[in-house]
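Please examine the sequence and structure before working through the solutions.

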Amino acid sequence: GNGGNIELQAFERLNSGSISASGAIGGNIRLISDSELVIEAQEIISFTEGPGIGGDIELEGDSVIITDESFVSTLNLTNAPGDNRGGNIIVNALGGLVEVRNSQIGSDTLGTARSGDVTISAGQVSIENTRSSGLTSQPRVGFSASTRPDSVGDSGNLTINATESIAITGNDPSFFNPDPTNPDTRLTAVSTLTGASTATLGAGDAGVLTINTDRLTIRDSAGITSAATPDSTGAGGEVKVNAAQILLQGRAGFATTTFGPGEAGDLFVNADRLVLEYCAIISADALGEPTLERVGPAGDITVEARNILLNSRGRLSTTTRSGDGGDITLENVSLLELRRGDNVGGIFTEAGTDQLGGDGGNIFIDADFIFAIPEENTDIVANAFTGNGGSIEITTRDIRGIDFRPERTPQSDITA
C-alpha cells in the first residue's frame, strides 16, 4: 500500500524521532516548529517503490538542527515508465540557522524516475564534519541529490539559499600537492565527502547545483561539487555559485568531474571577492580511464569577480586524462593577484595527462590589473601533453611580476 502522510507541529522546540512514510507511493512528512526543530541520531525517510510521485519531506523551524549521524532521504525505486519522480526535500529556517553535523540529507533514484529536488532556505547554513579523517569508510556529510548505480533517471537539482552566510568545514585540514601527471592527487567531486553535491552513478544526468548567499566559506577538504562517477554514462551537472564574499581554504573548493563518457558540468562563479588559499581549488575535470570507448570532455569555468586572490598554491584548473580540456574565463575583474604559487598555484588548462592526445583549453582574462611576484612561481598555463596547447588571451591595463615565456621556468610565467 501507499505510505501515509505524517505531520508534526510544535509551538516550542520539537525533537523528532525516526519516521518512515515509505510505500508503493511514499507519504509526505512535515515537521514544523515555531522554535528549534532538532533531528539527532534519527532517520527521516520516504521511499517510493511503485510508479508515481514520491512523498516530500519538509522540515521547518526558527532553526533546523540535524546532527549525530542522522539521515534524511527520499528515494524512488520504480522501474515503471511514465511521469515518476522521487520526493523533494525542503528545509526552511525562516531566516535563522540550518546546521548539519555528521549527517546526510539527500534525494536518490534507483530506477527510471528522476530523484527529487533538495532546497534549503535560511539566514545561515552550517555544514560540519567532525569525524576522524583516518576512518577508511565515511558517509557523506551535507546535502545531495543523486542517482544510484544502474539507474536511468536523472538526479534532482540542489539549491541552497542563505541570506547571510554558508560555512562548510571538512575533517581533513592537511594540504595537498597536485601532480599534473597524476589525476589521483587532485581534489575531485568524488573524493569530497563534506559539503553539497549532485551526482550520477547511472545513465541519467546529474542535476544543477546552485548556491546563493552573501558570505561563503569552505575549509578542510570540503566542497561544492557535481560528478559523473566511474561506471556512469550520464553527464555531470552545472555548478552555479553566487556570493559577495567567497573564501576557499585548505584543500577545499568547487569541482565538476566526469569519470565516464558523459560531459563534466560547467562551473560558474559570481562574486565581489574570491579568495583561494592553502591549496584550495576550483576545477572542471575529465578523469575517465583512457580505455573507455569515449571519455567525456572537461567542463568550462567562468568567474566574474571584482577581486580575485590565488594565494599559497590556490588554483583554477581544467584537466583531462585524454581528450580536450575545458576553457577558463575571468570576466570584469578589477584586481587579479597571483601569490605564492610554488609551481602549483595559478591558472591552468591541461589536456592529455596520460599522453594520449587532446588539446588544451583556452584561458581568457579580462582584468584591469594583474599582479604577481616573479620568484613566487605562480603561473598561467594552457598546456597539452601531446596535443596542441590552448590559447591565452589577456586584456588588462597593467600587468606586473609575470611574463609571457615559451616554456615554464622557476619564475611566474604565462605559457601556452
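**Exercise 1.** Determine which strands each supply at least two residues of the lining of the second largest cavity.

*Solution.* Strand E9 (71–76) and strand E12 (104–109) do so; strands (E, at least two residues) are DSSP runs, numbered from the N terminus. E12 gives the most, with four residues. The complete lining is Phe71, Ser73, Gln104, Gly106, Ser107, Asp108 and Ser144. On a 1 Å grid over the protein atoms alone, a cavity is a set of points where a 1.4 Å probe fits but cannot get out, and lining residues have an atom within 4 Å of a point.

The model is predicted: local features need pLDDT of at least 70, side-chain atom pairs count only at pLDDT 80 or more, and totals for chains, interfaces and linings use all residues. Residues are numbered from 1 along each chain as its sequence is written, and side-chain values use heavy atoms, with hydrogens and water left out.

**Exercise 2.** Classify the residues of the lining of the second largest cavity and state the volume of this cavity.

*Solution.* The lining divides into one nonpolar, five polar and one charged residue. Ala, Val, Leu, Ile, Met, Phe, Trp, Tyr, Cys and Pro count as nonpolar, Asp, Glu, Lys and Arg as charged, and the others, Gly among them, as polar. The volume is about 40 Å³, meaning the space filled by probe spheres set on the grid points, which are joined across faces, edges and corners.

**Exercise 3.** Describe the lining of the largest cavity.

*Solution.* This cavity holds about 70 Å³ of space. Of its 14 lining residues, Arg140, Val141, Phe143, Gly195 and Ser197 lie nearest its centre. Strands E14 (141–146), E16 (194–200) and E18 (222–228) give two or more residues to this lining. The lining comprises four nonpolar, nine polar and one charged residue.

Key: On a 1 Å grid over the protein atoms alone, a cavity is a set of points where a 1.4 Å probe fits but cannot get out, and a pocket is an open set with protein on both sides within 12 Å along at least five of seven lines; lining residues have an atom within 4 Å of a point.
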